[in-house]
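Please read the following alongside the sequence and the coordinates. The account goes through helices and nonpolar cores in turn.

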Amino acid sequence: MKNVSELKNIKKSLDSDTKKRLKKLEKYTCPHHESFVGGFAFGFLVVLTLIISINSKKTDLLLPVIPIAAISGFFFYSAIKETRRYRSILTERLNSNGVNTLLDDFEKGGKAFKESIILGQQNIYGKRSGEIIPYGSISRMYQYIERDALFENDRKLCLELKNGKTVKIGMIPLKGRGNEELRQVFDYICSKNGNIRLGYAG
């Protein structure tokens with residue numbers, strides 16, 4: 001991705017104070033790297049199995065190495081892909097908004113749902129979502145509720161974007177305890193883009 005290398009060039013041109021501000025934005029929005037942790041864990045198992053098989057001269061221990069190595073590779077690949085995707089999004093926002101404008105928008109934005117969402121003047125920032133979403137890119141929004149047979153497990157703000165992508169962000173309190181705050185969030189987002197459709201359908 002061209003934007004990934006472009007991000008490095010943008011960072012090189014920034015003064016130390018702006019780099020610190022950008023790092024806070026990245027820390028907030030950058031997704032967790034569970035895949036790197038998983039990849040490292042499986043990679044460690046591969047190395048450990050190889051050492052044991054070489055020391056004990058038991059070649060049959062090498063058989064489990066193949067699927068473990070494949071799983072390790074998958075974890076690392078998905079983590080790298082997600083990180084590159086996020087950096088590409090960040091570069092796009094930095095280029096379109098301007099570095100200081102984007103950072104001001106993030107820093108002065110209103111916090112919702114225990115700071116799991118920040119609502120700026122121009123963009124929505126989802127905590128550890130890897131997403132910085134301009135209001136103008138949203139076509140529909142609604143509350144997403146995940147349930148199993150007995151319990152409600154999760155509630156998020158679901159945004160359908162004009163490019164066909166669907167993004168789930170935020171940690172909305174369960175069992176309707178966040179409904180009033182959600183209404184305020186809906187009102188604010190709609191004030192930034194009056195063409196957004198509300199609700200899952202219709």
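The model is predicted: local features need pLDDT of at least 70, side-chain atom pairs count only at pLDDT 80 or more, and totals for chains, interfaces and linings use all residues. Residues are numbered from 1 along each chain as its sequence is written, and side-chain values use heavy atoms, with hydrogens and water left out.

Helices (H or I, at least four residues) and strands (E, at least two) are DSSP runs, numbered from the N terminus. At the start of α2, a side-chain oxygen of aspartate 15 comes to within 3.1 Å of the backbone nitrogen of aspartate 17.

Buried here means under 20% relative accessible area, exposed over 50%, and partly exposed in between (1.4 Å probe, protein chains only). In α2, the buried residues are Thr18, Arg21, Leu22, Leu25, Glu26, Tyr28 and Thr29. Seen down the axis of α2, they fall within an arc of 165°, so they line one face of the helix. The arc is taken from the directions from the helix axis to the C-beta atoms. Ser16, Lys20, Lys23, Lys24 and Lys27, on the other side of α2, are exposed. An α-helix has 3.6 residues a turn, so residues three or four places apart point the same way.

Helix α5 (residues 99–107) buries Val99, Leu102, Leu103, Asp105 and Phe106. These lie within an arc of 160° seen down the axis of α5, so they line one face of the helix.

In α6, Leu182, Val185, Phe186 and Ile189 are buried. They cover an arc of only 100° around the axis, which puts them on the same side of α6. Their packing partners are β1 (110–112), β2, β3 (123–126), β5, β6 and β8 (197–198).

A nonpolar core is a set of buried Ala, Val, Leu, Ile, Met, Phe, Trp, Tyr and Cys residues joined through side-chain atoms within 4.5 Å. The largest has 20 residues, of which Ile124, Leu157, Leu159 and Ile189 touch the most other members. Two or more residues each come from β2 (117–119), β5 (138–147), β6 (152–161), β7 (166–169) and α6 (179–192). The most come from α6, with 4 residues. A second, separate core of 17 residues includes Ile10, Leu94, Ile118 and Tyr125.

Note on methods: A polar contact is a pair of N or O atoms within 3.5 Å; within protein, one must be able to donate a hydrogen and the other to accept it, and residues adjacent in sequence count only if both atoms are side-chain atoms. Contact means heavy atoms within 4.5 Å.
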